[in-house]
Amino acid sequence: MQAVIPEELEVKIEKLSNMGLGIAKAGGFVIFVENSCPGDFAKVKIYKKNKHFAFAKITELIEPSSQRVEPFCPMQKVCGSCQLQFINYDYQLVLKREIVKDAMHSIGGEEFEVREVIPSPQVRNYRHKIQYPIAQTKNSKRILAGYYKPSSHEIVNIKYCPIQPEICDRIIEFIRVEAQKLGISGYDETSHTGILRHVVMRASDYSGKVLVVPVINSEKLPENVRTFSEKIFDKFDEVSGISVNFNTKKTNLILGEKTQNICGEDYIEEKLCGKIFKVGAKTFFQVNPSSANNIFEYVKKYISENFESPVILDAYAGITAFGIALSDIAKRVVSVEEVKESVDLARQIVKENNINNIDLYNMDAGEFFRKQLDKYGKCFDVTVLDPPRKGCTNESLDYALKLTKHKIIYVSCNPATLARDLKYLKEKGAKVDFIQPFDMFPHTYHIENAALISL
Ligand SMILES: C[S@@+](CC[C@H](N)C(=O)[O-])C[C@H]1O[C@@H](n2cnc3c(N)ncnc32)[C@H](O)[C@@H]1O
């Protein structure tokens, strides 16, 4: 018999889902409730349901959880970015640890040890990569820049965002005004018309500088976009450079293939683990430098306590952040990354930091693993795997097992794919020692993890 549920009902929120929604149970349904906190007792209205799941909004908060706090951002309710800002920060960390444990249990089928979350040193002004979609109002032609409302592509025009460096608010306000003055239209994704699609900013915690990247729907640089870029560069001492990115595709990907530097430098510098890094428009770099520093220091301490002069593989390396951070304690580091811009920057960083024990490879990790295994066999003491959200393929995991003598340190921003991959590694005989979560993204449901694996 199919379960039935009324349109409106009273529920107790029991826990938080991996997408930051409160979970309640009633009438055989699991109900995902927006903007709710475990401990809330609320009247909710169902707006979508299937056989066993339903989605609901709170219509009356009968008894709020004692963990609720007043959000510090006035836009929290409308902007989709900081889903958990109304929950006190310490409790956010408790909930995130539960999310990791649940993923390990339900996807990994295991009760791996999940340690307490290491908090972010900064809980405001921590986000150093900003990607604002741009649009334009129909009649007044005002330029809008901000984040999307939850589950929509409707832009919330954000004037002030307390989780970003304050300078970014000032730059984006200038961009709104100048783009309109210069007749640079905002992008309309339905009709695929308009010029300015996104503004990406890479801000440095170390130098306070910002690289500004206008993303345009054009193959060539229009003269007014050049003038626009020069005006931004001239206006702000904090802007290290302007690089225009060209993206004419009908795609959700923000950046196109080609980037052209218009003014100043095409990177910012960041300092982590005592090393200076260069971060460009297209390079992957952790969005929260102070929390990233915690991860690098943690991994470095763990390896130095367990190995003397190890040979380390840094796979899915980006600008070789792990490799560079670990170079002081390694005999040799070998790093592999598929994005050429990142590897080119890594070469510069390695040189400028006078590091001479890193080999950099610009290729697909799977292909590199195969070649390395054919040539050298099991040759790494420790492998750091830090793949994108989708995780590793089984083939890559098999290679990592064959190439590594002692430890794999698997760093992941997605508990679900991490759980899947740990399950696979365990089936192949590896032992998951523990998982250490780090809060890289305060006030959101995202959580970064390092899994320590023995072979
Ligand atoms: C999560 S990032 C990690 C970067 C780096 N470890 C860091 O902490 O800054 C993942 C990186 O893997 C790279 N990548 C994705 N798929 C790849 C593949 N098949 N082969 C090599 N690199 C890949 C991406 O370009 C990206 O730089």
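## A partly exposed asparagine

Asn35 counts as partly exposed, because it has 19 C-beta neighbours inside 10 Å and a residue is called buried at 20 or more. This is a predicted model. Asn35 sits in the loop that runs between strand S4 (29–33) and strand S5 (41–49). Its phi is near 45°, a positive value in a residue other than glycine.

Asn354 also has a positive phi, near 55°, and is likewise not a glycine. The loop that holds Asn354 lies between helix H6 (340–352) and strand S18 (358–362). Is Asn354 buried or exposed? Asn354 counts as exposed, since 6 C-beta neighbours lie inside 10 Å.

## The whole chain

The protein chain contains 9 helices and 22 strands. Its C-alpha trace spans about 65 × 60 × 35 Å along the principal axes. The radius of gyration is 23 Å. A compact globule of 455 residues would have a value near 23 Å, so the two agree.

Of the 455 residues, 44% count as buried. Sequence distance matters for the contacts too. Take the contacts between residues at least 6 apart in sequence: 62% of them join residues at least 24 apart.

## Domains

The chain is divided into domain 1 (8–68), domain 2 (94–121 + 288–454) and domain 3 (129–268). The centres of domain 2 and domain 3, taken over C-alpha atoms, are separated by 32 Å.

## Nonpolar cores

The largest nonpolar core has 103 residues. Which of its members touch the most others? They are Ile171, Met201, Val210, Val212, Val384, Ile409 and Ala451. Strand S11 (residues 210–216) gives the largest share of this core, 6 residues. Domain 2 (94–121 + 288–454) and domain 3 (129–268) each supply at least three residues to this core. Another core, of 22 residues, lies apart from it; among its members are Ile31, Ala56, Cys82 and Cys161.

Leaving out residues up to four places away in sequence, Val212 touches Ile171, Val199, Met201, Ile232, Val239 and Ile242.

## Around the ligand

The ligand is surrounded by 18 residues. The closest are Phe284, Tyr316, Gly318, Glu338 and Ala365. Helix H5 (321–326) and strand S17 (332–337) are the elements that give two or more residues to this shell. By class, the shell has 11 nonpolar, 3 polar and 4 charged residues.

## Two helix residues

Met104 is found in helix H1 (residues 89–106). Met104 is buried, because 25 other C-beta atoms lie within 10 Å. Leaving aside neighbours within four places in sequence, Met104 is in contact with Glu110, Glu111, Phe112, Val114 and Ala419. Met104 and Arg420 are 316 residues apart in sequence, yet 8.0 Å apart in space, C-alpha to C-alpha.

Asp234 lies in helix H3 (residues 223–235). Why does Asp234 count as exposed? Asp234 has 10 other C-beta atoms within 10 Å, and the cut-off for exposed is 12 or fewer. Asp234 and Cys263 are 29 residues apart in sequence and 9.3 Å apart in space, C-alpha to C-alpha.

Conventions
Residues numbered from 1 in each chain as written. Predicted model: local features only at pLDDT ≥ 70, side-chain atom pairs only at ≥ 80, totals over all residues. Helix = DSSP H or I, 4+ residues; strand = E, 2+ residues; numbered from the N terminus. Rg over C-alpha atoms; globule rule 2.2 N^0.38 Å. Contact = placed C-beta atoms within 7 Å. Near = placed C-beta within 6 Å. Nonpolar A, V, L, I, M, F, W, Y, C, P; charged D, E, K, R; others polar. Domains from an automatic or database assignment. Core = buried A, V, L, I, M, F, W, Y, C linked by C-beta atoms within 7 Å.
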